[in-house]
Amino acid sequence: MDYYHREYKAYFKSTVHVDPSSFLGPVVEHLSPGAEVWDVGCGAGRDLLWLKQRGFNAVGLERSRGLVRMAGQHSGCRVIWGDFTTFDFSRVAVDGILLTGALVHVHREDLAPLLTHITAGLKSGGILFLSLKQGNGISEDTTGRSFYLWQEAELKSIFHPMSFDLVHSFKNTSLLKTGECWLAYVLKKIS
């Protein structure tokens with residue numbers, strides 16, 4: 001989206017201060033110390049820094065060149081410039097993948113194939129974290145960004161045929177104080 005290329009400084013400033021402990025804590029419980037975790041759509045690099053500070057080998061993937069630079073500087077982690085829709089994840093083998101709000105702009109019919117594409121880089125037994133906004137239909141914010149909203153039953157019907165076990169799920173209210181509710185899932189790859 002053009003917004004993240006154009007407004008990367010504003011996006012960085014509005015998200016970098018959020019403490020991700022409440023939603024990443026349940027994820028790292030299922031990862032071994034030193035595990036390699038990719039934050040796909042890493043944005044400001046906030047979650048990369050949090051992971052690095054806890055002894056994980058954190059790597060970011062981000063489409064916005066401005067955010068790649070800022071996330072790398074902020075976190076001290078490697079951040080790769082790339083688009084998650086075209087990046088060849090089959091060339092990597094990682095212990096964990098974070099999709100923290102990264103797929104909020106993805107059309108409904110594209111979610112399952114995109115999850116399959118991205119998790120091609122996840123080792124068997126690896127952990128996937130996915131968070132999406134709860135609701136019905138599509139919402140638009142003041143910047144013109146469209147967000148696809150989900151219900152738990154819809155998402156579970158997508159996960160069911162995939163090679164994942166649902167390890168943990170929870171809801172939380174936006175830490176940016178927007179009043180939105182987020183659905184969060186910790187999934188374990190079983191093949």
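Modeller: Helix α3, residues 21-28, is mostly covered, with six of its eight residues buried. Buried means a relative accessible area under 20%, whereas exposed means over 50% and partly exposed lies in between, computed with a 1.4 Å probe on protein chains only. Helices (H or I, at least four residues) and strands (E, at least two) are DSSP runs numbered from the N terminus. This is a predicted model, in which local features need pLDDT of at least 70 and side-chain atom pairs count only at pLDDT 80 or more, while totals for chains, interfaces and linings use all residues. Residues are numbered from 1 along each chain as its sequence is written, and side-chain values use heavy atoms, with hydrogens and water left out.

The buried residues of α3 are F23, L24, G25, P26, V27 and V28. Their cover includes α4, β4, β5, β8 and β9, where contact means heavy atoms within 4.5 Å.

Helix α4 (residues 46-53) packs against α3 at an angle of about 50°, with the two axes 11 Å apart. Axes are lines fitted to C-alpha atoms, for helices over the stretch in contact, and angles run from 0 to 180 degrees between N-to-C directions. The angle of about 50° therefore makes α3 oblique to α4; under 35 degrees counts as roughly parallel, over 145 as roughly antiparallel, 65 to 115 as roughly perpendicular and the rest as oblique.

Helix α4 in turn lies across β1, β2, β3 and β4, and runs at about 170° to β2. Together with β1 and β2, α4 makes a right-handed β-α-β unit: with the strands pointing away from the viewer, the path from the first strand over the helix to the second runs clockwise. A further right-handed unit of this kind consists of β2, helix α5 (residues 65-75) and β3.

Strand β2 (residues 57-62) is itself mostly covered, five of its six residues being buried. Strand β1 (residues 36-40) pairs with β2 in the parallel sense over five bridges, and two strands pair if DSSP finds at least two bridges between them. Here E36 has N57 as its bridge partner in β2. Strand β3 (residues 78-81) runs parallel to β2 and is joined to β2 by four bridges; W81 in β3 is the bridge partner of E62.

These strands belong to an open sheet of seven with mixed pairing, in the order β3-β2-β1-β4-β5-β9-β8. Its edge strands, β3 and β8 (164-173), each pair on one side only.

Strands β4 (residues 94-100) and β5 (residues 122-133), both named in the cover of α3, run parallel and are joined by six bridges. T100 stands opposite S131 in β5. K133 also lies in β5 and is buried, with a relative accessible area of 6%. Apart from neighbours within four places in sequence, K133 is in contact with V104, F147, Y148, L149, W150, E180, C181 and W182. Helix α7 (residues 152-159) lies across β5, β8 and β9 (181-189), running at about 15° to β9.
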